[in-house]
Amino acid sequence: MRILTTKLILTGFAIAVSFIGISIFGEAVAGWSPKKPVQFIIMAGKGGGADKMARLMQTVIEKNKWSPKPLTPINKPGGSGAEALVHLKQAKDPNHTIMVTLNSFYTTPLRQPALGVDIATFTPVARMAEDTFLLWVHKDSGIKTVDAFIKAAKAKGKNWIMAGTGSLQEDQLLTDFLNADYGLSMKYVPYKGGGKVAKQLAGKHANSTVNNPSEQEGFYKAGTTVPLAAFTPSRLEMFPNAPTFRELGQDRVYFMQRSVVGAPGMSSEAAAFYQGLFEKVYKSDDWQKYRKKKSLMGDFLSGSALKDYWKKEREIHRSMLKKMGAL
Amino acid sequence: MKRAEIITAILMAALSIYFMWKSAELEVGWIPEEGPGGGAWPFWLAAIMLLCCIWIAINWFRRSSPPSKSDKPFMDSYAVRMFLLVGGSVTAMIGLVHFIGMYGAIPVFLIFYIRYLGQHSWLTTLLISLGSPIVIFFFFDIALRVVLPKGYLEPLFYPLYDIFL
Amino acid sequence: MEIIQHLSDGFFIAFEPLNLALILLGVVVGLFIGAMPGLGSVNGVAILLPMTFLVPPTSAIIFLAALYYGAMYGGAISSITLGIPGASTAVATTFDGRPLALKGDADKALIAAALASFFGGTISIVLFTGFAPPLASIALDFGDQEIFALMLLAFATFVGLSGDDIPKTIFSICIGMVFSSVGLDIMSGEPRLIFFDIIGFMHGINFLVLAIGIYGIGEMMWTIEVSRGEMLMSKVVINLERIINNLKELLQTWKIAVSSSFVGFFVGILPAAGATPGALMSYGIAKMTTKNPEKYGKGEVGGVVAPEAANNAASTGAMLPMLTLGIPGSPTTAILLGGMVIWGLVPGPRLFVDETAFVWGLIASLYAANLFAVIINISFIPLFLWMLKMPFTILAAIIFVLSLVGGFAPTQDMHDVWLMLLFGVGGYLLRKLDYPLAPAVLAIVLGPIAEPALRQSLLISNGDITVFFTRPISGPITVIAIILLLLPLFKLLKKKLVPNAT
């Protein structure tokens, strides 16, 4: 028994040594590629919109074997993404740390300056999509147009319940738009995720929501909920009867970005690898199908174009938050 | 045991007060038309904790709870030794993870625990302390893709990643 | 009749060789993931989600559902053999499962858990098959007020029961709730209770960190001290007579199994509630209705049957709102929902109409997964019993290692491992002074459901507290919960007024 163990250990050692040898000599392949599993941070909790998308991207990459080492998703929803941002900023190995982001990428550093996070230092990888927002009501309310909505909401005053995801985030910004534009005083009630928000509307516990299409899809198809108008530049293919707010005379366009960002200090070779990787994902049939199905907009952006987009969006969010008194 | 009971009650009361103070960073009162503020939930629960500590102290003075009647020592010499050895070795293991990673810290801990605390044979010790990291590696790193920290031993794992991932 | 037709079509799908193999594989993998402290069905399903791209969507969801089932069975195993609940749903199983194992009746507890799980799962699937769409609409009627009332009831069943040391029990519940509120206040969007500004507190305190700390480290240290290094667990000798006696004893608990299955299923279908409150309430009901409640908590088979029947029934129930409404009833179903979206299926009211083959294939495979899970589970029992025969100095060392890995795996953050150690040491010291710790562990699960529900309700009602009493569903639940909450107070008063009443 004892001899056998010794033998096993020795053999194991020999194998290990030879593999180390192989890996050293096998290094000379063209271009950079990850040497170990890549941390794929998700700036939101399990089961949410960003999480679903991250796992789809991971699935596409694994299916096509586009990355020699797997991407391992890690959810860091803490502090509206503050934890994820700090993790990225302090990444020990920036070449193997990337993150899926949404709009809290702008708002969280603005609202929590103590974090010391400057998103301009992060490495731009890819913008994969922009999610759209619509205004939804229950079909039993009988409301079919924005005008009818305004009338009903005005009549109810602060008893008109608008359910949304999180506090001082996208949904509340949009609620504030509507309240300001139409002189309403709807009450905003925050919930933890888009799915829960959609359920509040379907169960008539809320009067309206500003969900993404993917969150309301099931109820919409069943005819339970009705989209009134879209916060997009042009009408969405899936909801041809819902006008845009622009058509209605209010220039309100708002998107949720779905981007991939690298840790600050990532080498340019590594950044090039991830940019190429996610461009492939973007062009894949799976992704394009998904985009179409979920009414996603926003084309592929990368490199300095993506960074400029972030800077622009950050300023937009800064002024919006200021208006709300959140800064 | 008697002394431990009242000291713990005082410490827990202090903890409750700390929680209340920390909760008070947010609104702890009732916001009209809205309900309780952001800090109210933990604040008032911590207040109940404080009341419970006072209640425990009253029971202590009246000697009505079992620990307040017991004359047994809270920790005898065996308990103290075990507490330091077991607690200390677990703490050391967690501390070591930061330097030599899970796969360094786990065998070191197992060798110490099984050989020196458990007095088992070297064969048993080595089989378990070298076998469990291998099982954990295949289960977590390879099958489940939960990459455990490797500390400074990371480069040693590159060849393993090349083969199995 | 239509249902039977659909179901038999479903069985054809479930018994395709690939699907059958995936059910088997899913159950086995799930069993081990569930039995590992720190990993529950949520982690298992999330981690293996991308691996399912190799197969068609129906097969993929069948695999994940089998994994979910296996993990629910597995959760009881670590609760009984190691005393560490693998997931929040299995906390109640430790109450009696662990004492049974310590008495040398681990085999009885494991068999009881397996068969009760099977029973609960089966009742639940039958209810699912027959009444999915109408039940879904009930679930939709549950608003914030009803959810809060339900949480109140879950706590009431617990407080009303544990009467050892009242201030310490209440203290334990409150500290669990305070821990659960660490992180972010979702109503105001402000960070809350970030102790010493440590960034790791921003994601809050995970249930598993507290549970593994208390049970994996604290309880272990306590056992080591009390046992003075001697073996505590009497060895199990299995023979036919013993098995028959065990089964006889188990048969007497059928009433508990039936009531728990129904309770579990109905709590499970409610969005947001999940299996933990269901298991807890069933345990409470079993203890309240039995003739000898004093035996509970000291190793009573009924105390294993109740939570296990309920949590399996609830985990099936939780799939109902997911499939019919697209609302996850538990964290695990939230991930399954994500998976369905990736595969291009739209969960929601139309699913039963548009994707009949998928839905009925899934339902049929739930029957199959449940059957396989019980068989596989029982056949692995000797292996789990063998583990208990290990010398304690080896078992303890392995448990500490599993706690370390299990504490790290869910969030992959060393902060949580340190916190776990702190809870372990603190839990050990409090345990010595008779502080009950299970209430804290349950409070940390239920707190984050209860608090937002309370505040959302009050926000909607403009701060009017009567809203909990005036709504048709939440009213009666709230009243019952308050009566149960005050019960120990009445008992106390009675004791004071009539000193010889006991």
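Which residue in β2(A) stands opposite A:Q39? The legends below begin with the strand pair concerned.

The model is predicted; local features require pLDDT of at least 70, side-chain atom pairs count only at pLDDT 80 or more, and totals for chains, interfaces and linings use all residues. Residues are numbered from 1 along each chain as its sequence is written, while chains are lettered from A and ligands numbered from 1 in the order in which they are written.

**View 1. Pairing of β1 and β2 in chain A.** A:T72 in β2(A) is the residue that stands opposite A:Q39. Strand β1 (residues 38-42) of chain A pairs with β2(A) in the parallel sense, over five bridges. Strands are DSSP runs of E with at least two residues, and helices are runs of H or I with at least four, numbered from the N terminus. Two strands pair if DSSP finds at least two bridges between them. Strands of a sheet pair through backbone hydrogen bonds, either parallel or antiparallel.

View 2. The strands form an open sheet in the order β2-β1-β3-β10-β4 (chain A), with mixed pairing. At the edges stand β2 (71-75) and β4 (123-131) of chain A, each with a single partner strand, so one side of each has no neighbour in the sheet. From one strand to the next, the twist averages 20 degrees. Helix α11(A) lies across β4 and β10 (256-262) of chain A and runs at about 65 degrees to β4(A). Axes are lines fitted to C-alpha atoms, for helices over the stretch in contact, and angles run from 0 to 180 degrees between N-to-C directions.

View 3. Chain A is divided into domain 1 (38-131 + 255-324) and domain 2 (134-230), with bounds from an automatic or database domain assignment. The C-alpha centres of these domains of chain A lie 27 Å apart. Domain 1 of chain A gives 14 residues to the contact and domain 2 of chain A gives eleven residues; two residues are in contact if their C-beta atoms, placed from the backbone, lie within 7 Å. On the side of domain 1 of chain A that touches domain 2 of chain A, α4 (104-111) and α11 (303-324) of chain A each supply at least two residues. The largest share of that side, three residues, comes from α4(A).

**View 4. The side of chain A that touches chain C.** In this interface, 38 residues of chain A are in contact with 41 residues of chain C. On the chain A side, at least two residues each come from α2 (49-64), α3 (82-89), β7 (187-191), α7 (194-202) and α8 (213-221) of chain A. The largest share, eight residues, belongs to α2(A).

**View 5. Chain B and its two domains.** Chain B has six helices and two strands, in the order α-β-β-α-α-α-α-α from the N terminus on. Domain 1 (2-69) and domain 2 (77-164) of chain B have centres separated by 39 Å, taken over C-alpha atoms. The C-alpha atoms of chain B fill a box of roughly 60 × 50 × 25 Å along the principal axes. Of the 165 residues of chain B, 36% count as buried, that is, with 20 or more other C-beta atoms within 10 Å of their own, C-beta atoms being placed from the backbone.

Key
Buried ≥ 20, exposed ≤ 12 C-beta atoms within 10 Å, placed from the backbone.
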